[in-house]
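Visitor: I am new to this structure. Could you walk me through it?

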Amino acid sequence: MARPAYDELVARLGAPLGVEDARARWGALVREARSGAITLITRERSEWAALVPLSEVSGLLSGLPLVPVSTARGKLGDLVRQVAHPYEHEPVLLSRHRRPIAALVAAARLIDGPAPRQLPTADVMLLGGGTIVLALDEHGRTTASVRDQEGAEVAFGSGDSIGQALDALEDD
């Protein structure tokens, strides 16, 4: 089976994290997913999964595999392979105290999904490997420039304070 084109997802959601990077940030990534963020995770560059909020899982949740968050961290590579398998694409629910809180899904499921309604928060951009450069312009206003992992500017905002500049971020 041919590998789906993930360029659209990377443009919408940011560069994927490798399994080891995702493990290192696992707690923060799960918290972000609970808050609505989506993080792409790859294994060996050919298997792609997404850590998503439960709202991104369509259909009934009952009957889907349920894995504790702490267990999932150690088995993340295997779970990415499991959800990315070309013939199954069954989500894996992540739980705390046996209650689902987030999910791992095949990234291919998100390719035709709707674009996010708003620019991701600064925290999500940073978790995705981007940078935010703050500076003062010639008029003394604070500017915020968001750059992706390759250094290309993807958003810009300005204001009278750092908070205003971050709140004013707009796609380029």
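Visitor: What share of the contacts between residues at least 6 apart in sequence join residues at least 24 apart?
Guide: In this predicted model, the share is 50%. Contact here means heavy atoms within 4.5 Å.

Visitor: How many helices and strands are in the chain?
Guide: Seven helices and ten strands. Six strands form an open sheet, in the order β1-β2-β3-β6-β5-β4, with mixed pairing.

Visitor: Why do β1 and β4 stand at the edges?
Guide: β1 (17-18) and β4 (66-68) each have a single partner strand, so one side of each lacks a neighbour in the sheet.

Visitor: What makes β1 and β2 a pair?
Guide: Pairing takes at least two bridges. β1 and β2 (residues 39-43) have two, in the parallel sense. So they count as paired. G18 stands opposite T42 in β2.

Visitor: Where does helix α3 lie?
Guide: Helix α3 (residues 26-34) lies across β1, β2, β3 (47-52), β5 (92-96) and β6 (99-106). Its angle to β3 is about 60°.

Visitor: Which residues of α3 are called buried?
Guide: W26, L29, V30, E32 and A33. Buried means under 20% relative accessible area, so each of these falls below that cut-off.

Key: Residues numbered from 1 in each chain as written. Predicted model: local features only at pLDDT ≥ 70, side-chain atom pairs only at ≥ 80, totals over all residues. Heavy atoms only, no water. Helix = DSSP H or I, 4+ residues; strand = E, 2+ residues; numbered from the N terminus. Axes fitted to C-alpha atoms, helices over the stretch in contact; angles between N-to-C directions. Buried < 20%, exposed > 50% of the residue type's maximum accessible area, 1.4 Å probe, protein only.
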